[in-house]
Amino acid sequence: MSRPPNYEFQEWWNRQRENHNDVFIDKSENPNWLTVEVRSPTSDQSVEKERSRSARQISWVCLLKCQQIANSLAWITNGSLSLVRTVNRRIASSPQSHSDLTAPLVESRLYRVIKVFLFLVVLLLFFELTAYFKGWHFSPPSVSSAESVDRIVLMLGCFWIKFWNVKPVAAMEFSPDADAQEYPMVLVQIPMCNEREVYQQSIAAVCIQDWPRERMLVQVLDDSDDLDVQILINAEVQKWQQRGVRILYRHRLIRTGYKAGNLKSAMSCDYVKDYEYVAIFDADFQPGPDFLKKTIPHFKGREDLALVQARWAFVNRDENLLTRLQNINLSFHFEVEQQVNSVFINFFGFNGTAGVWRIRALEECGGWLERTTVEDMDVAVRAHLCGWKFIFLNDVKCLCELPESYEAYKKQQHRWHSGPMQLFRLCFFDILRSKVSVGKKANMIFLFFLLRKLILPFYSFTLFCIILPLTMFLPEAHLSAWVVCYVPGMMSILNILPAPRSFPFIVPYLLFENTMSVTKFNAMISGLFRLGSSYEWIVTKKLGRSSEADLVAFAEKESDSSIESSSLHRSSSESGIDELSKLELTKKTGKTKRNRLYRKELALAFILLTASVRSLLSAQGIHFYFLLFQGITFLVVGLDLIGEQVS
């Protein structure tokens, strides 16, 4: 008799399954067996807990990401608003700054050409946008370009000098116990013009030279038209005269010829014939106490040596981005160009300061001439054509300042690039008629003048500011990526090698140099075709920065001085009080500095940014990035956001 089914157990089992209990039935392959698997009730709870915890973590991560994005957007927004406010201030103050200028505001020819080019580019962009949406396509052919090897050759020469440790060696040295009569007579000249901020440190640095005082005479050649500055400089000269230094103050009544006229007037004094050498320092230069002892001995035994040039060092090279980029350029100029030319051909351009000339060489080549704004290069070229040789001392450094504002730097570069073209036009036939070798003539004409002073500025401006934007709109023209990116990048790397600490600034340096090609091209054209601005001389603004080492050395020199009496101390302190009162008065009544807007750079910025939009439409990646960042660089420079900022 079979057992009746247990309905109560079946009902209980079904209720347990409905309640998702951990007991279930698994029928194996053998139908005679019934398998019951019992799981731990805590395992599924931990899994659910882990799953819920992971979801909360993901939520927090998403919230953090959103917060970071919000912070980035807020930072970009604040930066953009700050930029817009700065631009508004610059635009609002721009008419005032132009009204302060004595010369009337005349629209330059180059600016008009750039505006026409901007209109043409915008018109072409409109045409390209129409072609893009209409589906028109063009297939431009490829062209090739050539690469200049001048910088590569200079770098190879510099590596050769470093590898073999080639440097000028003096034939003698002055011993500490040498008699004063063994020292040659040296004339030291400090030309200056309204140098209110730097006159004290330059005069002090020259007056503490380690040289017998009876064998040295200092000329302070003041061309200032500000009466207060004249009084201050004259008081400083009198202070050092009371301390036993042979120093004179000279002021011209007729200020013609700028710096060349000032130096020419000083060399016409009767007592100059008693001196054998003349050292020249600009007002912002601070030579070390042993400068004369390191340079004068190189003239011993070399009667054909006319010039010993020292290297510049900068007390404010890390002040801002503009000074860092200038340091790259000038480091290459001194470390490579000047040193290589000195070793291999004994000729280079005189830098106008921190150099010692043999007076006989100056007189033989005609002395200082007032025909150009680069009187230093002029006298160097004429001395070289007369057969004189030059030496550059890379290990003798003279401290000076770099321009910290873009306005001062731009005016300096305009003078430095217009003057060589004036000089080339004037002395071209003199070079051909000179008695120097054919190789030296070719080097001076093709390398010194044409390539480095004319072709390179013209090439940079036309390629990056004219040709490259046009290739975005003309299907028949195309520039390879190596022309746009690789060659300029390689040249920038070569330029930055003498200043390895500046390697992080290689990209800003490349973009800024292309931006400065506008100023250099404009200056080159004005100097070559004798335009009015080519003869304009504006003194580079200085801020009067001193190095800590110089201040310490000067303090030690002052403490060791034993020639000052109590009356001299009293007169010096009284003179200092008068000077301070005058300085405070002139600071209050002086002109207010302000940042400016630069129209050429702003117009070219819009041209390049417009071309970058066209490049983006045609999917030219590397051209787009180059045009975009170059356009932004022009915009930053045009708004005067680089260098010193005046609040």
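Start by selecting helix α11 (residues 375–385) and helix α12 (residues 406–433), which pack at an angle of about 15° with their axes 11 Å apart. Helices are DSSP runs of H or I with at least four residues, strands are E runs of at least two, and both are numbered from the N terminus. Axes are lines fitted to C-alpha atoms, for helices over the stretch in contact, and angles run from 0 to 180 degrees between N-to-C directions. α11 and α12 are therefore roughly parallel (angles under 35 degrees).

This is a predicted model, in which local features need pLDDT of at least 70, side-chain atom pairs count only at pLDDT 80 or more, and totals for chains, interfaces and linings use all residues. Residues are numbered from 1 along each chain as its sequence is written, and side-chain values use heavy atoms, with hydrogens and water left out.

Next, show the side chains between the two helices. M377, D378, V381 and L385 of α11 meet P420, L423, C427, D430 and I431 of α12 (contact means heavy atoms within 4.5 Å).

Now select the open sheet of 7 strands, ordered β5-β4-β3-β6-β8-β7-β9 with mixed pairing (a pair needs at least two DSSP bridges). β5 (247–251) and β9 (389–400) stand at the edges with a single partner strand each, so one side of each has no neighbour in the sheet. Neighbouring strands are turned by 20° against each other on average, direction ignored.

Within the sheet, pick β3 (residues 186–192) and β6 (residues 277–280), which run parallel and are joined by 4 bridges. V188 stands opposite A279 in β6.

Finish on helix α5 (residues 199–207), which packs on the sheet and touches β3, β4 (216–222) and β5. The direction of α5 makes about 175° with that of β3.

Conventions: Parallel < 35°, antiparallel > 145°, perpendicular 65-115°, else oblique.
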